[in-house]
Amino acid sequence: MTDRAVLPPAPPADGLPARDDPDDLTSLRAILLGPTEAEIKRLRLRLDDRYSQARDVSAVLPQALVQCSSDPELARALAPPVEKAITASVRRDPKPLADAIFPIIGPAIRKAVAASLAAMVESMNRSLEHSVSWRAITWRLEARRTGRTFGEVVLLHTLLYRIEQVFLIHRKTGLLLQHVRAHSAEVADAQMVSAMLTAIRDFAQDSFRTTAQDSLEAFEVGELSVWIEPGPDAVIAAVIRGNAPKDYRRTLQDAVERVHLQFGEPLASFDGDAKAFDAARPILEGCLHSEFRSGDAPRSRLLPILAATIVIALAIWGVLAWRQQSRWSHYLAALRQEPGLIVISSGRTAGQYRVSGLRDPLARDPVTLLAESDLTAADVAGVWEPYQALGKKFVVARASRILRPPAGVTLDLHDDVLSATGMAPPAWIADAVRLAPLIPGVSRFDATALLRAQLDTVVRQIEGVTVLFARGTTQLAADGDAELRTLAAAVRELERLAASLGRTAQLEIVGHTDGDGDAASNLPLSRARAERVLQALEPGAMPHLTILPGGVGSGDPLRHGDAEADKQQNRRVTVRVAAGSLQPEGSPGR
Amino acid sequence: MIQKKICMLGSFAVGKTSLVARFVSSIFSEKYLTTVGVKIDKKTLAMDGKDVTLMLWDIYGQDDFQTVQQSYLRGASGYLLVIDGTRRATLETAHTLHKMAQEVAGAVPFLVVLNKADLAPQWEIDDKGLWKLAEHGAAVVRTSAKTGEGVEETFAKLTRAMIGS
């Protein structure tokens, strides 16, 4: 089956389509223009398809780049996007770029460090060489006289030459392309200097009407000279202090040649932007030479050794001095902390430490503190004047040495009052009361504790005595006299102690009988026995004691047996110190 | 940073040095003018986000223009032709200097600076004279180094022309 729209109709006999048949015209057009229209449609689709465009461009891009690689416009066009791409990459992750440039950066850093170290060593050598000598002294005087630093004076005297600055100047415009300088070199405005150098060259060339090849190559200004090495598009100018060797000119020529070789295109198309010439710095830095005068060989070897020896000796001396000073400081601190020692002055004279001050005889000997600070008696001369320290420890010790308290008696000091505890004889107490105020740091002696202890003893002694009587009488039993004398002595001691303490006491004398006989006769007998003892105690001579006699008959037997021995023990008189007694003198209890 | 060399051209005493002095603080002495024949100054302008350093070559001017060091014009990115409005002769000299500059520096941007605007009533130069310059494509600006009128604008205009912004 055929279709008229697809297959063209058969042409008429004259070979031309019928003029009035549109279908025929359409068919004819399809025959004539169909392939072209299809091709146009295909091309249009391809041009509108970005993917196809990218594929086509990628196929020819490498070749295109190769063909225009020498065109500076390409470098200028690519520079901004490449810079942005690198910046973005570094910001996102700096590691890939760091890894990529590592093989370059590592050696460069090592080279820079090595160069710095070499410069430092050279500088130290020069400093050592010129630190100890008559010449160095004169240079120091010159430095002081001229206001320059010693280093500058040394530099001026030892410098053969130094390239202080190197300029790379665009020859046609006189604009500065790059500039480097030596460390510590003084630099004016490099752009202005570059322009003026160009003007001076032009001036010289025009004034003397020389040819283009004959230009100003050098000029001198005081200690400085300027060497100029021209190239076709750029000029290198080196500012030199001192006298550079003639072959340095060769260095400048090499540098100019390298600059033109590496930067030929940027020089030719220079329009004022010198950024491209940052990469020329290494070439210019290679022109920063310097050379110093070397000293006499033997001296140059001897002086460092001598200087090193002096430095080592000074270091050892310093360490020893520091250690000795530390020991001395430690000793002084120990002296100041020691009780009974007062340091008034200290110092060092004729190689020996000296210390003077006050010392309590009871304080520790300062010499014994030396060993703790690793010092010997030969190291320190001490002058100590005696004095009496008023610290508690020293006052108590001093009182012990003076009063010699009996064994068991302990001295103590509180608010300048010396006190004692324990049992001491009355005579010692009396001496202590008398002598204690004479001891420095003691205002009085407080014997209260001692007397209380004695009082308790006497009370126990009084209450422990039992005076026995014969049967049915007030006659003392066989041992009754001795007991009574003992009792009387104890009561007299009680009177004395009460007087010493300013107190009073009440004694109750209680008479007893055995159980024989009736109560009516025993009670008076017991009272009579108490009176008998009272008389023996002589109460009139005891103003601080109140003695009350009384009897209880047979009502309070000591023993309850019927044997004579039991009864004898019941025929007795006992003395009791009343509870609540020993009140202060004048109190209501009296 | 971009650097550009600008030459100041004009007869003696037209005010070139005064215009530069209005624009920058010089560090070199004016004695360079009479010794080397040029005094160089520097001024950095911020122009459309870019720093442009202008190296100003103030070339010693004598009425006898033959003595001008032509080599100083070499490599200039632009120049100012300074005319003293009160002296007609300086206009003629400017014509000659302009030709010399074109020969040495090429077709670089330049401005005709009609200086001493503060003395306008005493001017000897009329519009006809200026038209002659305008025929050569010169833009004319009026300045007064004495009052500062138009000085900054003149340098900015020339700089803009040099960097093509």
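**Close-ups of a two-chain predicted model**

**View 1. Chain A as a whole.** Chain A carries 18 helices and 17 strands; helices (H or I, at least four residues) and strands (E, at least two) are DSSP runs, numbered from the N terminus. This is a predicted model, so local features need pLDDT of at least 70 and side-chain atom pairs count only at pLDDT 80 or more, while totals for chains, interfaces and linings use all residues. Residues are numbered from 1 along each chain as its sequence is written, with chains lettered from A and ligands numbered from 1 in the order in which they are written. Of the 590 residues in chain A, 25% count as buried (20 or more other C-beta atoms within 10 Å of the residue's own; exposed means 12 or fewer, partly exposed is in between, and C-beta atoms are placed from the backbone). Take the chain A contacts (C-beta atoms, placed from the backbone, within 7 Å) with a separation of 6 or more: 59% of them join residues 24 or more positions apart.

**View 2. Where chain A meets chain B.** Here 18 residues of chain A are in contact with 18 residues of chain B. On the chain A side, that's 8 nonpolar, 5 polar and 5 charged residues (Ala, Val, Leu, Ile, Met, Phe, Trp, Tyr, Cys and Pro are nonpolar; Asp, Glu, Lys and Arg are charged; the others, Gly among them, are polar).

**View 3. The open sheet of chain B.** Six strands line up as β2-β3-β1-β4-β5-β6 in chain B, with mixed pairing; strands pair if DSSP finds at least two bridges between them. At the edges stand β2 (38-47) and β6 (139-142) of chain B, each with a single partner strand, so one side of each has no neighbour in the sheet. On average, neighbouring strands of this sheet are turned by 25 degrees against each other, direction ignored (axes are lines fitted to C-alpha atoms, for helices over the stretch in contact, and angles run from 0 to 180 degrees between N-to-C directions).

**View 4. Parallel partners and a helix from chain A.** In chain B, β1 (residues 2-10) and β3 (residues 50-59) pair in the parallel sense over 7 bridges. B:Q3 sits opposite B:T53 in β3(B). Helix α7 (residues 190-207) of chain A packs on the sheet and touches β1, β2 and β3 of chain B; the direction of this helix makes about 140 degrees with that of β2(B).

**View 5. Two loop residues with positive phi.** A:D416, not a glycine, has phi near 65 degrees, and is found in the loop between β10 (410-414) and β11 (417-421) of chain A. A:D416 counts as partly exposed because 13 C-beta neighbours lie inside 10 Å. B:K116, also not a glycine, has a phi of about 70 degrees, in the loop between β5 (110-115) and α4 (127-135) of chain B. B:K116 counts as buried because 24 C-beta neighbours lie inside 10 Å.

Terms used. Contact = placed C-beta atoms within 7 Å.
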